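Here are a few exercises to work through with the model open in your viewer. Try each task before you read its solution.

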Amino acid sequence: MPIPARSLFDVDAPNGFRYRDDFITVEEEAMLAGEIARVEFSTFEMRGVVARRRVAFFGRTYDRGAAAAPPMPDFLLWLRDRVASWAEVDGASMGMALINEYRPAAPVGWHRDAPQYGIVAGISLLSSCQLKFRPYVAPGDAAQATGGARRTATHTIVLEPRSAYLMTAESRSAYEHHVPPVAALRYSITFRTLRG
Ligand SMILES: O=C(O)CCC(=O)C(=O)O
């Protein structure tokens, strides 16, 4: 399917972040949502707190050294290859897939992705959300950097259903990101390249 070339220049985002609307069709979204409805999701702890979103890992889990995840299912392979082609990497190099299920009011807190992964690609299904960025500050330095004030987002991007993004370079390493509580059920399918 030809991928529309819209939008890259409309988005005010950190360097290395790329966004495309209509990355998949309505029919593809429905097919993926049907498959995801049969996926077994688990809860997930982020910094010791059980997250409100649920997750399903394939290929690798999020934690280095954790138990192996099931292989990537066939229904994700064409999507992995499409997003890998946009990122100009080999499909097989995207060895990890994570499907996030956000029920209404579920967020993902501020974080920078795990260091064992390189490029992060995400495809959004069913409803829109915001994706916020702020410069990354190491945990011990955060209070000192702001004098204790709460650090706010420097960039906010709306992720539409059926859109895709790539997080590379500074958007991946010099910023952290966060999805505020969503208004309606949303799935994101994320793929990551493996480092080393
Ligand atoms: O739902 C999204 O698009 C963001 C997901 C995310 O931040 C993550 O999987 O680490």
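Two strands pair if DSSP finds at least two bridges between them. Helices (H or I, at least four residues) and strands (E, at least two) are DSSP runs, numbered from the N terminus. This is a predicted model, where local features need pLDDT of at least 70 and side-chain atom pairs count only at pLDDT 80 or more, while totals for chains, interfaces and linings use all residues. Residues are numbered from 1 along each chain as its sequence is written.

**Exercise 1.** Work out which strands partner β11 and how they run.

*Solution.* Start with β8 (residues 129–135): this strand pairs with β11 in the antiparallel sense, over four bridges. In that pairing, phenylalanine 133 sits opposite histidine 177 of β11. Next, take β6, which is joined to β11 by two bridges and also runs antiparallel. Here histidine 111 is the residue opposite histidine 177.

**Exercise 2.** Sort the residues of β11 by face.

*Solution.* Recall the rule first: in a regular strand the side chains alternate between the two faces of the sheet. On β11, Tyr175, His177 and Val179 make up the covered face. Glu176 and His178 make up the uncovered one.

**Exercise 3.** List the shell around the ligand and say which elements supply it.

*Solution.* Use the cut-off: a residue is near if its C-beta atom, placed from the backbone, lies within 6 Å of the molecule. That gives Leu98, Asn100, Val108, Asp113, Gly122, His177, Val179, Ser188 and Thr190. Two or more residues come from each of β5 (96–102), β11 (175–179) and β12 (186–194).

Methods:
Buried ≥ 20, exposed ≤ 12 C-beta atoms within 10 Å, placed from the backbone.
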